[in-house]
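Visitor: I'm new to this model, so please pick one part and go through it with me slowly. I'd like a close look at how charged side chains pair up.

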Amino acid sequence: MKDFAARREVVLDVETTKTIQGGFISASISDEETLATVRSVYEAEGHYLIDPHTAVAVAAVEAVRDSLPAAAAIVCFATAHPAKFPDVIKRALDVEELPAAGHHPVIDEARDACEHLRICQLENLRSNLIGEMTRQVARRRG
């Protein structure tokens, strides 16, 4: 740990490196493969929508499947909600509007509240931020 703190790197001996590498299989997944995986899972699983990170994991498993033991159990955990990635989901499904599974009420509300472009001079930033925050609070209160 002292070496790591001083050098900011870990250097392992050859045998330890081989042992560690023997326990891992990896794959590189392109953006196109990610989009195709989102689309194929959505179509094959009754419109179950996965996020792009999960799509990378699913595609990687498919890529290395032949390297795995035949009886290997494979589990991919969804790591995010697809609503966090509306542009990617629309692109993957080739749609203009997100399907219902691509929405989450909290994310949609946050997006509606925050998706406003404001351009101002630096000297006006404080007053513009306070003004916009005041308008948003008033809008929410009705």
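**Charged pairs, up close**

Guide: Let's start with Glu 9, which counts as partly exposed because its relative accessibility is 43% (buried is under 20% relative accessible area, exposed is over 50%, and partly exposed is in between, using a 1.4 Å probe and protein chains only). Before we go on, this is a predicted model: local features need pLDDT of at least 70, side-chain atom pairs count only at pLDDT 80 or more, and totals for chains, interfaces and linings use all residues. Residues are numbered from 1 along each chain as its sequence is written, and side-chain values use heavy atoms, with hydrogens and water left out.

Now for the partner. The side chain of Glu 9 meets that of Arg 7 in a salt bridge, at 3.9 Å from N to O (the term asks for a side-chain nitrogen of Lys or Arg within 4 Å of a carboxyl oxygen of Asp or Glu). Arg 7 is partly exposed too, since its relative accessible area is 44%. Side chains of opposite charge can pair when their charged atoms come close.

How many salt bridges turn up in the whole structure? A search finds three. Another one links Arg 65 and Glu 62, whose closest N and O atoms are 2.7 Å apart. Arg 65 has a relative accessible area of 39%, so it's partly exposed, and Glu 62 is partly exposed because its value is 48%.

Then there's Glu 132, which forms a salt bridge with Arg 135; here the closest N and O atoms are 3.3 Å apart. Both residues sit in helix H7, three residues apart, or about one turn of the helix (helices are DSSP runs of H or I with at least four residues, numbered from the N terminus). Is Glu 132 buried or exposed? It's buried, because its relative accessible area is 15%.

While we're in helix H7, which covers residues 125-141, have a look at Gln 136. Gln 136 has a relative accessibility of 11%, so it counts as buried. Its side chain makes a polar contact with the side chain of Arg 139, at 3.0 Å (that's a pair of N or O atoms within 3.5 Å; within protein, one must be able to donate a hydrogen and the other to accept it, and residues adjacent in sequence count only if both atoms are side-chain atoms).

So, in helix H7 you can find the Glu 132 and Arg 135 pair along with Gln 136.

Technical notes:
Helix = DSSP H or I, 4+ residues; strand = E, 2+ residues; numbered from the N terminus.
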